[in-house]
Amino acid sequence: EHNMGTIKATNIEPIADNGTITLGSSGDTFSLGSGVNSQLLRPSFQAYLGSSQSIGVNTNTTVAIDTEEFDTDSAFNVSNYRFTVPSGKAGKYLFYGSITMANFFAYAVCSIFKNGSEIRRGNAVRADSSGVGCVALVDLAVGDYVTLNAYQDQSSQALQQNSNFTYFGGYRIGT
């Protein structure tokens, strides 16, 4: 066993074109120094509904997620409520969201939409101002956009604002 100390370099490449570089072996652990920006799980964002939003009857409505908690790559837009995949960041993403109705509802749906079409939903039936959550794992290309949508069939309803009740987030898990 050899202790070689610190290796300093600006670039590490495999010997063969398109080769593989292996760091460590089974059971090894890698630590990142304090303050190191790893770029892992990026882009990522989390935001919530900052003020009450009315949801019409029997209509899929984009939730006006307008208050960011964080947004690593400025990929979430608080004006059109969309996460858009930035250049060089295509890949598989995990998104999650929750909507909470302010009043009684008969049927409510929390959905995640990709490019304007529903891809995943979670729903609740006959609940009293309950939250409904949804999760989606989706492969995205540069320029694809994702929104959180709400649907209900009772009468004009308000979504409850606040980071605890109506929120949306997501992050890239890899290619």
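Which residues does Asn-149 touch, not counting residues up to four places away in sequence? Asn-149 touches Asn-60, Thr-61, Thr-62, Val-63, Val-109, Cys-110, Ser-111 and Phe-113. Contact here means heavy atoms within 4.5 Å.

## Basis

This is a predicted model: local features need pLDDT of at least 70, side-chain atom pairs count only at pLDDT 80 or more, and totals for chains, interfaces and linings use all residues. Residues are numbered from 1 along each chain as its sequence is written, and side-chain values use heavy atoms, with hydrogens and water left out.

## Asn-149

Asn-149 lies in strand 11 (residues 145–152). Strands are DSSP runs of E, at least two residues, numbered from the N terminus. Asn-149 is buried, with a relative accessible area of 4%. Buried means under 20% relative accessible area, exposed over 50%, and partly exposed in between (1.4 Å probe, protein chains only).

The side chain of Asn-149 makes a polar contact of 2.8 Å with that of Thr-147. Such a contact is a pair of N or O atoms within 3.5 Å; within protein, one must be able to donate a hydrogen and the other to accept it, and residues adjacent in sequence count only if both atoms are side-chain atoms.

## Aromatic pairs

The structure holds ten aromatic pairs. Rings of Phe, Tyr and Trp (its six-membered ring) pair if their centres lie within 6.5 Å; planes under 30 degrees apart count as stacked, over 60 as edge-to-face and the rest as tilted. Phe-45 and Phe-168 are edge-to-face, because their ring centres are 5.2 Å apart and their planes at 75°. Phe-45 is in strand 1 (residues 44–48) and Phe-168 in strand 13 (residues 167–174), so the pair ties together parts 123 residues apart in sequence. Phe-45 is buried at 1%, and Phe-168 is buried at 0%.

Tyr-93 and Phe-95 are stacked, because their centres are 5.8 Å apart and their planes at 15°. Ring pairs link Phe-45, Phe-76, Phe-83, Tyr-93, Phe-95 and Phe-168 into a cluster.

## Salt bridges

There are four salt bridges. Each is a side-chain nitrogen of Lys or Arg within 4 Å of a carboxyl oxygen of Asp or Glu. Arg-42 meets Asp-73 at 3.3 Å, N to O. Arg-42 is in the segment before strand 1, and Asp-73 is in the loop between strand 4 (67–71) and strand 5 (76–77). Lys-89 bridges to Asp-73, with the closest N and O atoms 3.9 Å apart.

Arg-42 is buried at 17%, whereas Asp-73 is partly exposed at 23%.

Methods. Helices (H or I, at least four residues) and strands (E, at least two) are DSSP runs, numbered from the N terminus.
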